[in-house]
Amino acid sequence: MKRSLVPYLIGLFPLAMMVVFFLAPLAFMIVVSFYERDPLGFYKVSFVWDNYAKFFSSFYYTISMRSLWSASLGALVVVLLAFPAMYIIVDMHRRWQLFWVILLLSLMCLSEVIIGFAWLILFSESSGIPKFLGWVGLWENPRSLSPSFGAMLIGFITLGFSLVALMFYPQMAQRDRSIEEAALTLGTPPARVFYKVVLPNFTPAIVSSVATMFVYFLGVFVMPTMLGRPQDWNMTVIITDKAVGDANMPLGAALSVIMLLFTLLIIGGLMLASRKREASS
Amino acid sequence: MSAFLKRLFVTAIAVGLILPFLIVAGVSISAESNISFPPKEFSARWYTELLTQKDWLIPIRNSLVIAAFAGLLSVTIALAANYVLWRLKSGFGKLVFALGVGPFMLPPIIIAMGASVFWAEMGWYGRAEATVISHGVFFVTLPLVIIARGFAALSDDVIEASRTMGATPWQTFAKVIFPLVLPYIITGYALVAIISVNEYLISYMVSGFAVETLPIRIFNNVRYGYTPVVASAAMGFAILTIGVLLLLSMITDLLKLLGASRD
Amino acid sequence: MARLSLKNIQKTFGNFQALEDVNLDIASGEFICLLGGSGCGKTTLLRIIAGLEDQTSGEMLLEGADLTKVHCHKRNVGMVFQSLALFPHLNVGQNIAYGLDVRGVAKNTRLARARDLLEVVGLTGLFERPVSALSGGQRQRVAIARALAIEPTLFLMDEPFSALDAGLREHLQIEVKKLQRKLGVTTIFVTHDQNEAMSIADRIVILNEGRIEQAGSPTEVYARPQTRFVADFMGTNNIFSPEFSQGGPVMLDGVDLGSPQGDLAALSGKYTIAVRPEYVRLKPVSADESGLIGTVDFVRHLGASVETELSVGERTFIHTMVSDRAPDFQVGDRAEIQFDLSHAWVILS
């Protein structure tokens with residue numbers, strides 16, 4: 001009897017940690033989203049819909065659309081780059097694979113702040129690409145390339161690339177290569193093997209990584225503030241601004257809850273789709 | 001795609017990922033006080049400033065301390081959750097494990113906002129301990145998944161062999177299981193520590209105004225007019241991160257750990 | 001004219017010589033088995049024939065035309081892979097019709113052909129099934145049908161049955177053999193299992209360390225292995241080197257084994273010969289202890305037969321006899337070993 005109880009007792013520790021410090025904050029955030037702002041402290045206990053009502057204004061509509069656009073564009077581009085890149089990298093020599101893994105892991109770990117800063121320098125007229133183009137004579141009057149939407153998007157891509165690439169890595173490396181060989185022997189021209197059999201087999205993985213990146217880019221803060229113009233700022237910047245800058249935690253919480261619901265909707269939709277796919281097969 | 005085009009494509013991506021850091025490296029060893037590239041004169045003055053001035057040293061210390069403890073907390077949770085899943089192989093274990101994967105699926109801002117209101121209510125808003133716990137809990141996904149690979153590699157035979165020789169479950173854990181999953185634990189710890197050192201948003205929203213970490217310091221510096229010290233700080237970061245990963249690649253098979261091995 | 005001729009095929013991977021100087025002519029409609037242990041080069045040879053790998057040097061002719069420059073997707077080979085390599089994103093019918101699809105065959109025609117083939121391999125009605133829902137044996141059949149759908153010039157199979165259990169494997173071997181006879185397609189089948197090779201091949205090609213050791217019909221290879229490697233591989237267990245003296249008694253370690261028969265009678269000097277276990281006789285030791293005396297080390301009852309292992313000094317000999325006629329020897333007993341030298345032959349060691 002006692003022996004079978006021990007694992008449960010041990011399990012209580014991680015369970016409690018995750019419930020108290022992961023789930024409870026999310027639950028409490030929902031509670032706070034109904035509170036009122038207190039100019040002197042954090043918030044006043046109350047039950048109002050005002051914070052949510054604010055979301056349905058043209059200002060937040062614009063911000064939402066902008067967030068969705070930058071996140072979806074970034075997600076699409078990053079997966080479009082990372083997928084073929086990993087397809088090539090997994091067939092490289094072991095030494096190069098290790099080089100890539102360390103590069104990708106480094107980028108994955110490296111602070112958004114550092115990556116943003118590095119691009120900031122590279123885009124600046126005093127030391128980066130503009131200066132170089134001016135120097136070789138391709139750009140007569142070089143000016144800083146950031147802040148701009150393009151600069152922000154490049155920031156997104158650098159940030160997300162390592163994550164997507166590392167997600168694709170194991171599946172790509174372990175895939176059954178004889179499927180591609182079978183396609184060849186059956187008469188598929190080598191240039192079309194990728195489209196005929198590799199791509200269709202990875203469609204679920206591609207869709208789920210686009211969704212993951214989309215959700216991730218929705219919550220990015222540093223890249224828009226560092227590399228984007230104010231008119232490129234996404235919902236995350238606004239939430240942080242409201243919650244910390246204006247000390248309006250209830251509004252920040254309400255906006256986060258809306259984003260949370262949206263995220264759960266996407267994750268739920270994905271799970272449903274994959275279950276349907278399994279059920280049909 | 002021909003072999004040449006393939007190589008060109010991959011090389012272009014590598015250049016795009018690495019080039020920004022080469023420029024930062026150049027700036028960090030330039031003697032000029034304005035950020036400029038290429039450097040005309042070389043000097044280590046920005047590194048000296050980074051490692052001697054108090055307003056840089058304190059954030060560095062804060063970041064390292066938070067990372068050290070967050071890593072410890074994260075790995076402890078991940079190890080316990082994996083042990084339970086491995087022992088029970090069912091309902092309760094899976095529940096614990098699924099909870100651990102959760103944080104990875106949500107945008108960081110939601111987690112940061114949740115942590116912010118939670119710690120405000122608990123009265124720990126602005127304390128380093130709050131950041132440690134939040135980091136430890138939210139980054140648990142990585143060690144959880146990595147240590148799971150370690151447990152997956154454990155064969156039941158080894159454990160049963162230990163039992164038949166008269167070891168108690170605790171002795172089996174201490175003398176057989178723990179040593180076998182240790183490389184995975186170390187890797188998980190290292191990754192959480194590096195990510196914690198690098199993390200901005202949660203640190204900022206939980207205790208940013210009181211406990212300045214290195215990323216916060218850099219971000220503020222960049223936002224409000226910056227000097228090349230930032231470049232040296234960024235390089236310090238990058239070198240630390242790559243150094244730890246290289247060290248890891250020496251003690252463990254990183255390719256296998258990431259699931260790339262085909263055998 | 002041979003359908004496929006391989007001339008001096010060599011293949012190296014870095015420093016490793018996978019194939020050295022392989023020469024082989026394959027007749028139209030022939031069923032060839034490439035047989036050998038792991039790393040012997042049999043799969044490499046098959047992949048070179050398919051065009052998935054290029055030979056380092058040597059010529060490959062298909063009905064007299066050079067095949068080397070023809071890219072894999074133009075060779076029109078139907079290949080069944082070890083992992084089967086069915087396309088997971090396509091259903092059974094689409095898998096079989098795939099090769100016709102990339103050849104631009106009209107939809108109705110290719111679907112009709114896929115249905116025909118499905119019937120041929122005995123899977124009528126599974127057309128719409130996703131491949132993930134098939135059993136191991138069904139997947140094999142789909143892979144075979146898919147390879148045959150393109151009416152291949154060469155039908156190649158790379159250890160397709162190695163993952164199946166013994167019963168199903170034998171069943172499929174027979175089916176494949178029948179199907180191949182019916183269609184008359186030239187077939188090359190790679191295996192490491194000599195029983196499999198014996199039961200399906202018209203001709204067995206035994207490879208060892210990248211070289212062809214012997215090629216011949218199953219009976220030839222079984223009854224008369226020419227080299228020590230083939231003899232070991234085919235389970236000929238009694239190999240030894242006695243002295244011959246042109247018709248005089250054959251002597252092994254000073255023991256008279258009797259008079260040589262047939263080809264052996266002309267030999268003089270030391271030669272390595274082989275005798276299959278079924279041509280060994282065991283007798284109780286005679287009073288004067290003459291002949292080759294061995295000690296029984298092990299007795300295996302294999303159902304239909306009994307196998308007895310004996311040692312004489314450092315040497316080991318195996319004797320097999322159908323069960324009801326087997327002499328009753330126990331472990332530790334001594335027995336006189338006699339060889340039927342009319343069934344012995346010389347091998348190259």
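Residues are numbered from 1 along each chain as its sequence is written, while chains are lettered from A in the order in which they are written. Because the model is predicted, local features need pLDDT of at least 70 and side-chain atom pairs count only at pLDDT 80 or more, whereas totals for chains, interfaces and linings use all residues.

Chain C contains eight helices and 22 strands, where helices (H or I, at least four residues) and strands (E, at least two) are DSSP runs numbered from the N terminus. Its C-alpha atoms fill a box of roughly 85 × 45 × 35 Å along the principal axes. Of the 349 residues of chain C, 38% are buried, a residue being buried if 20 or more other C-beta atoms, placed from the backbone, lie within 10 Å of its own. An unreviewed UniProt entry lists residues 4–234 of chain C as "domain: ABC transporter", an annotation that may be inferred rather than shown by experiment. Over this span the chain is 37% helix and 26% strand, with the end C-alpha atoms 27 Å apart.

Within chain C, strand S9 (residues 203–208) and strand S10 (residues 211–216) run antiparallel and are joined by five bridges, and strands pair if DSSP finds at least two bridges between them. Asn208(C) stands opposite Arg211(C) of S10(C), and in this hairpin, which has two residues between the strands, Glu209(C) takes a positive phi near 45 degrees.

For chain A, the unreviewed UniProt entry gives several stretches as "transmembrane region", including residues 202–223 and 251–273. Residues 202–223 of chain A are 86% helix and 0% strand, with end C-alpha atoms 30 Å apart, while residues 251–273 of chain A are 100% helix and 0% strand, with end C-alpha atoms 33 Å apart.

The contact between chains A and B takes 76 residues from chain A and 74 residues from chain B, residues being in contact if their C-beta atoms, placed from the backbone, lie within 7 Å. On the side of chain A that touches chain B, helix H1 (residues 2–32) of chain A gives the most, with 19 residues. By class, that side has 59 nonpolar, 15 polar and two charged residues, where Ala, Val, Leu, Ile, Met, Phe, Trp, Tyr, Cys and Pro count as nonpolar, Asp, Glu, Lys and Arg as charged, and the others, Gly among them, as polar.

Technical notes:
Contact = placed C-beta atoms within 7 Å. Buried ≥ 20, exposed ≤ 12 C-beta atoms within 10 Å, placed from the backbone.
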